[in-house]
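Morning, everyone. Please bring up the model on your screens, and we will walk through it together.

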Amino acid sequence: MIDPASGVDAVRDVLIDGGEISIIEKNIQAESAKVIDAKGKWVTPGLLDIHVHLREPGYEYKETIETGTHSAAAGGFTSVACMANTSPVNDCASVTDYIKGVAKSKGMVNVFPIGAVTHGLKGESLADIAEMAEAGVVALSDDGHCVMNPSTLRAALEYAGMFGLPVIEHAEDTHLKQNGVMNEGLVSTELGLAGNPRIAEETIIARDVLLAEYTGQHIHFAHVSTAGSVEIIRQAKAHGVKVTAEAAPHHFTLTDEAVRKYDTNAKMAPPLREKGDVDAIKQGLADGAIDCIASDHAPHGIAEKEVEFDNALFGIVGLETALPLSLNLVREGVLTPMRLIETMSLNPARVIGVKRGTLEPGAVADVTIIDPDAEWTVEPSRFKSKGRNTPFAGWKMKGRAVVTIVKGKVVYEFEG
Amino acid sequence: MTDKSLSRRRLVSMSDVSVEDVQKIMTATSAMKEVSERDIKKIPVLRGKTVINLFMEPSTRTRTSFEIAGKRLSADVVNISASGSSVSKGESLKDMVNNLTAMKPDLIVLRSPFSGAPYIVSKWIACPVVNAGDGRHEHPSQSLLDLFTILEAKKSFDKLNISIIGDILNSRVARSNMLIMRKLGINITVCGPATLLPKYIENMADRVTTSLKEAVTGADVVMMLRIQSERLNEKKFPNLREYSKLYCLTSDTLKHAAKGVIVMHPGPINRGVEISPEVADGPWSVILDQVTNGVAVRMAILYLLLGGGLQETN
């Protein structure tokens, strides 16, 4: 059992009763209990992915709450936080209620909706923040878009702060990005593709850190992709600013070299960067500059990716590959198992302020059982997600979730 | 690898082209140029072959050049113009290509406004694909006709100083030329305003400068690129007057070049903007030779990909 909250990394029995963790001890005798033998595996708090696009309502051809949560369960996640760029946008309580309703009847894992910062994600007027807070959003984000107007972001930070909601920023200055489709670097120069420079992200992160400091509010940075960003965040934290940050597995696994053959499954925003950035993100996860790993799961229709690179939509799926790619960091010696699990359970739970990510008597029985040695190959056709857009097709992976338990019920078991 | 074919079955990037391939193409081009001088400008080598010119970006010159090239080889040439993104027109690119495949073409010549388009088209069609210009990425047939024109004038590539001047950032001609010329032992200088020089360009060229005079000094070949008015909207430089003041090639500037310098341009030229009229019409200019050689080079490419006996995949 690995539980970051208590710091326990030891062999334990865990008894679940009535959807709650009941007892944790070295040896439990429970006659009528169903036993799951997790010998040689890791029993961890249920993992949370706080950056997922479930696409419902409006884009059900890409993904639904049902298929997206099934994908989450297959990836070992017991909770997801879903972004607001649906259609209609989740910028009011009625859409929040809709999402929660579908999640309740068809969701396989816990779904925590994230509400928009601005109406329609247009970056102009604030969304119905108080009503969405009441309806149960856990954070605000215009993800997909950056809040370009700093006064709008300032107002959002101050207003959302009244409800304890963090603002999650997709840091990407649209003027500097222009029509960039990949990292601005040697590869983009050679391929003749418009570049999206690091400074598009870093200038916004620097700006937002100052705004968070000035307002005293909590800002969380989505999908950090550059070394410069990691450093700004590290310094902001040292200064006592309420900053948290997440990184996506593709940003610590791939570089812009993956775009060489114009593979549209290597196109996402922010883009894949260079080796120095990959190393900085790993370092940031290790030393705490970056708090969580979040997949930015962004499914698209097949036809939307089977076009020229410039015309392909941004985004890749990630729920079913996040954990094995993150386990690589343990194998590389970048993270300890405890730290890895912390970035995928306790920390994301803290960012969105939900009572999850711990294994202790009385806690909700969301549990993930991980086999760190399971060998398997990524086959997009077998994804539970509707999306097939992954750059990891055919990759041989080591490690994955083998059992996913939500509120005491087994919702997913790996069949091999 | 047979004597008569290229080492790859497609011509998408100059990275597909080896130094040996360049020799083969130069030799074949000479032969084809002779055909174009005859009274009956036709040889039967590609008789019965279907060549489709799929032009998804407007182009009269390159398309005409490829069309004439195909017809002089007796191929059946079909021109298809599909402007802009096929997706926005309702038919997906994949469906368009699948439909073409069903008509069993022997070769596709593709021009697209999008970098990398030939690679994606190659995934869906088995016949050879010739890149007639993809976005900002490459323009291999232009590069090869540039090489042939240079060879005609200079007899050898060895240790030549070539300067490419203009909007390097957006130039597929510059990219193709940089890729192949370094393999041939040519010294390449690129020059343009700082805002039109891509990041890390120093990895693709031997020298980078923002000074026209510096670029032209000692150059054996000066290649001017057309500045597009679209760039004005992108706020990369104030106006054409300033651009011209800094980067227009005049006979005065050419005084600093090496003896016997030739002036090239992929066309169409903007008289008075990047090239002054006296240079465009002057004794240094080989611009019209480039056009003549263009047909011959394209005949050579089509012949080597299709007519040269056994084709081999690499």
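How many residues of domain 1 of chain B are in contact with domain 2 of chain B? The count is 23 residues of domain 1 of chain B, touching 22 residues of domain 2 of chain B. In contact here means that two C-beta atoms, placed from the backbone, lie within 7 Å.

Some ground rules. This is a predicted model, where local features need pLDDT of at least 70 and side-chain atom pairs count only at pLDDT 80 or more, while totals for chains, interfaces and linings use all residues. Residues are numbered from 1 along each chain as its sequence is written, and chains are lettered from A and ligands numbered from 1 in the order in which they are written.

Back to the domains. In chain B, domain 1 covers 14–138 + 292–307, and domain 2 covers 140–291. Those bounds come from an automatic or database domain assignment. The C-alpha centres of the two domains of chain B are 25 Å apart.

What does domain 1 of chain B bring to the side that touches domain 2 of chain B? Two or more residues each come from α1 (19–35), β4 (129–134) and α12 (287–307) of chain B. Helices (H or I, at least four residues) and strands (E, at least two) are DSSP runs, numbered from the N terminus. α12(B) gives the most, with six residues. By class, that side has nine nonpolar, nine polar and five charged residues. Nonpolar means Ala, Val, Leu, Ile, Met, Phe, Trp, Tyr, Cys and Pro; charged means Asp, Glu, Lys and Arg; the others, Gly among them, are polar.

Next, helix α1(B). Its 17 residues should span 24 Å at 1.5 Å a residue, and its end C-alpha atoms are 25 Å apart, which agrees. The expected span is 1.5 Å times one less than the number of residues.

Which residues of α1(B) are buried? They are Asp21(B), Val22(B), Ile25(B), Ala28(B), Thr29(B) and Met32(B). A residue is buried if 20 or more other C-beta atoms lie within 10 Å of its own, exposed if 12 or fewer, and partly exposed in between, with C-beta atoms placed from the backbone. Seen down the axis of α1(B), the buried residues fall within an arc of 135°, so they line one face of the helix. That arc is taken from the directions from the helix axis to the C-beta atoms. An α-helix has 3.6 residues a turn, so residues three or four places apart point the same way. The buried residues of α1(B) pack against α5 (140–154), α6 and α12 of chain B. On the face turned away sit the exposed Val19(B), Glu20(B), Gln23(B), Thr27(B) and Glu34(B).

Now two single residues. Ile150(B) sits in helix α5 of chain B. Ile150(B) is buried, because 26 other C-beta atoms lie within 10 Å. Val286(B) is in the loop between α11 (277–280) and α12 of chain B. Val286(B) is buried too, with 20 other C-beta atoms within 10 Å. Beyond its neighbours within four places in sequence, Val286(B) is in contact with Thr149(B), Ala153(B), Ile262(B), Val263(B) and Met264(B).

Last, the two chains. Their contact takes 23 residues from chain B and 18 residues from chain A. On the chain B side, α3 (93–102), α4 (117–124) and α6 (172–183) each supply at least two residues. α4(B) has the largest share, three residues.
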